[in-house]
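Please look at the sequence and the structure shown here before reading the report that follows.

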Amino acid sequence: MGERRRPLPSELPLAAPPGVRVTRYVSPGAPQAPVQTWSHPGGTSYSPAYPQASAALLPRPVPAVGEHQAARPALVVGIAALVGSVIVGLGLLFAPFAWAMGSTAVREIDASHGALTGRRAANAGRILGIVGTAFMGIALLAVLGLAALGTLATAGQS
């Protein structure tokens, strides 16, 4: 014995006022659900305000291709900039590169609509680059300030 299946919402008839004829049709060549049209006795016909969307028209999810090629390098350069600044002092020179690489990677990952992954690593590299660049600016101001004070001190002794 076959079971009766429940009708889909698109298969249910629309409630029509008395004197209105309801017809169903499917557009030729289009894989979509049947659309109901209402016809008044005066000859005016119209479709519902929100017809069922065709499966062919709905956006399909994009499978992830892989991680963006600059996501991890941006993170590594950002970490190297901060760690290198503590150990050697010249590591802060890498910070603007981490900022630029991370920003570019985040922008391209967002534009891929889910096809590329690695946004968190790229964003972390970008943030580390921003922090390192800020430290580099502070260090540069400190060096310039100390040089100015040294110049003033030697000028005052002469």
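## Overall build

The chain holds 3 helices and 5 strands, where helices (H or I, at least four residues) and strands (E, at least two) are DSSP runs numbered from the N terminus. This is a predicted model, in which local features need pLDDT of at least 70 and side-chain atom pairs count only at pLDDT 80 or more, while totals for chains, interfaces and linings use all residues. Residues are numbered from 1 along each chain as its sequence is written, and side-chain values use heavy atoms, with hydrogens and water left out.

Followed along the sequence, the elements come in the pattern β-β-β-β-α-α-β-α. The accessible surface of the chain comes to about 11400 Å², and 68% of that surface belongs to carbon and sulfur atoms; such areas come from the Shrake-Rupley method with a 1.4 Å probe, and for residues only the protein chains shown count as cover. Of the 158 residues of the chain, 23% count as buried. Here buried means under 20% relative accessible area, exposed means over 50%, and partly exposed is in between (1.4 Å probe, protein chains only). Among the contacts in the chain with a separation of 6 or more, 48% are between residues 24 or more positions apart, a contact being heavy atoms within 4.5 Å.

## The core and its surroundings

Which residues make up the largest nonpolar core? The core has 7 residues, namely Ala70, Ala71, Ala105, Val106, Ile109, Ala121 and Ala122. Helix H2 (95–111) and helix H3 (119–157) are the elements that give two or more residues to this core, and H2 provides the largest share, 3 residues. A nonpolar core is a set of buried Ala, Val, Leu, Ile, Met, Phe, Trp, Tyr and Cys residues joined through side-chain atoms within 4.5 Å. In soluble globular proteins, nonpolar side chains tend to be buried together.

Ala105, one of the core residues, touches His68, Ala70, Ala71 and Ala122 when residues up to four places away in sequence are not counted. Met101 is found in helix H2 and is partly exposed, with a relative accessible area of 28%. Leaving aside neighbours within four places in sequence, Met101 is in contact with Ala70, Pro73, Ala74 and Val77. Met101 and Arg126 are 25 residues apart in sequence, and their C-alpha atoms are 7.1 Å apart in space. Ala100 also has its place in helix H2, where its 43% relative accessibility makes it partly exposed; Ala100 and Ala74 are 26 residues apart in sequence and 8.3 Å apart in space, C-alpha to C-alpha.

Thr133 lies in helix H3. Is Thr133 buried or exposed? Thr133 counts as buried because its relative accessible area is 18%. The side chain of Thr133 reaches the backbone oxygen of Gly129 at 2.7 Å, and, leaving aside neighbours within four places in sequence, Thr133 is in contact with Ala95, Pro96 and Trp99.

## Salt bridges and the surface

A search of the whole structure finds 2 salt bridges, a salt bridge being a side-chain nitrogen of Lys or Arg within 4 Å of a carboxyl oxygen of Asp or Glu. The table lists them with their distances.

| Residues in the salt bridge | N to O distance |
|---|---|
| Arg72 and Glu67 | 2.9 Å |
| Arg119 and Asp110 | 2.7 Å |

Arg72 counts as exposed because its relative accessibility is 53%, whereas Glu67, at 36%, counts as partly exposed. Arg119 is partly exposed at 37% relative accessibility, and Asp110 is partly exposed at 40%.

Ile79, Val83, Val86 and Ile87 make a nonpolar surface patch of about 410 Å². Patches are made of residues with over 30% relative accessible area and no salt bridge, with like charges joined within 9 Å and nonpolar side chains (Val, Leu, Ile, Met, Phe, Trp, Tyr) within 5 Å. Val86 is found in helix H1 (residues 71–87) and is exposed, with a relative accessible area of 71%.

His113 lies in the loop between H2 and strand E5 (116–117), and is exposed, with a relative accessible area of 65%. The phi of His113 is near 55 degrees, a positive value in a residue other than glycine. Most residues other than glycine have a negative phi.

Key: A polar contact is a pair of N or O atoms within 3.5 Å; within protein, one must be able to donate a hydrogen and the other to accept it, and residues adjacent in sequence count only if both atoms are side-chain atoms.
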